[in-house]
Amino acid sequence: MAVHYQVLVDEKGSPVGAEALLRWHCPGRGMVSPAEFIPLAEETGLIESIGYWVLEEVLSRIAGWKKRGDALAKLQVSVNVSARQFHLPSFCSTVMALLRKTGASPRNLKVEITESALAYDLELVEETLRTLRSMGIRISLDDFGTGYSSLGYLKRLSLDELKIDQGFVRDILDDPNDAAIAETILALASALKLSAVAEGVETKGQLERLVRMGCTRFQGYYFSRPLPALEFEGLIEKSRMGQQRRAW
Ligand code: C2E
Ligand code: MG
Ligand code: MG
């Protein structure tokens, strides 16, 4: 298994973060998408050790970037945490122990959860989120609008960011309903003082439309596919030199 990194950029096209995405190279089957094996790992409980491995891998990487002290040190790296992993009573203490062990700064870490992780005992969820945020970790709500949304929890929970699901971005130029939903999520985020990231931005047209709607954070193939760590480091270096930003 390996962790790949996909850049997140601001409205000027400057990198502000990355999302860590798990890759599994299966002998005989080639690259298997996490969309296929994560649900299976959730069912079997294997997600607990996979999730631990991903966190350790990412935090070690972040700690290495901190030491380099260049543009990479400023990035906030999002890690996807599955519901089952998030609800482990030991989740926060595990994260704390890994931060200590690796020397990574919590300021460089963002935890991405989906709405399904919130559909549990809301008080426990609240407590976990509060603990993570008190440690300086940011919280992002992934695939927003696709799950069992209850807008009540947006008010109640300590969150920092909503991610507009790529399903709403894909046809944003042709489907007025998708455009209306994306715009509504942006308005909601702004009213609740949360930031919003558009996922799955593939074209300049989608980007321009989202910018006109007031979106300021973007992720998608238009900027870069998820890359192995070394290639990702190269991308950030190129971007710092101003070469990359002109290209997208
Ligand atoms: P996600 O967290 O919503 O991640 C975004 C997915 O969209 C990624 O798929 C990414 O490669 C893909 N993507 C990015 N830009 C574009 C674009 O412009 N167009 C299109 N069509 N797709 C784009 P990926 O890497 O296959 O991951 C699928 C899902 O698997 C993730 O969705 C996430 O829910 C889950 N996942 C990935 N890594 C982990 C992990 O380490 N732990 C857990 N629990 N889940 C993970
Ligand atoms: Mg995600
Ligand atoms: Mg997503």
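Trainee: At what angle do α2 and helix α11 (residues 229-240) pack?
Mentor: This is a predicted model, in which local features need pLDDT of at least 70 and side-chain atom pairs count only at pLDDT 80 or more, while totals for chains, interfaces and linings use all residues, and side-chain values use heavy atoms, without hydrogens and water. Residues are numbered from 1 along each chain as its sequence is written, with chains lettered from A and ligands numbered from 1 in the order in which they are written. Helices (DSSP runs of H or I, at least four residues) and strands (runs of E, at least two) are numbered from the N terminus, and axes are lines fitted to C-alpha atoms, for helices over the stretch in contact, with angles from 0 to 180 degrees between N-to-C directions. The axes of α2 and α11 lie 13 Å apart, and the angle at which these helices pack is about 35°.

Trainee: Which residues in α11 do R61, W65 and R68 in α2 meet?
Mentor: Contact means heavy atoms within 4.5 Å. The residues of the contact of α2 with α11 divide into 3 nonpolar, no polar and 3 charged, where Ala, Val, Leu, Ile, Met, Phe, Trp, Tyr, Cys and Pro count as nonpolar, Asp, Glu, Lys and Arg as charged, and the others, Gly among them, as polar. On the α11 side, R61, W65 and R68 meet A229, F232 and E233.

Trainee: Which residue coordinates both the magnesium ion (ligand 3) and the magnesium ion (ligand 2)?
Mentor: The magnesium ion (ligand 3) is coordinated at 2.0 to 2.4 Å, with D143 (OD) and E199 (OE) among its donors. The two magnesium ions, ligand 3 and ligand 2, are 4.1 Å apart, and the residue coordinating both is D142.

Trainee: Is D142 buried or exposed?
Mentor: Buried means under 20% relative accessible area, exposed over 50%, and partly exposed in between (1.4 Å probe, protein chains only). D143, at 25% relative accessibility, counts as partly exposed. The relative accessible area of D142 is 6%, so D142 is buried.

Notes. Donors are N, O and S atoms within 2.8 Å of the metal (3.2 Å for Na, K and Ca); water is not among the atoms, so sites may look incomplete.
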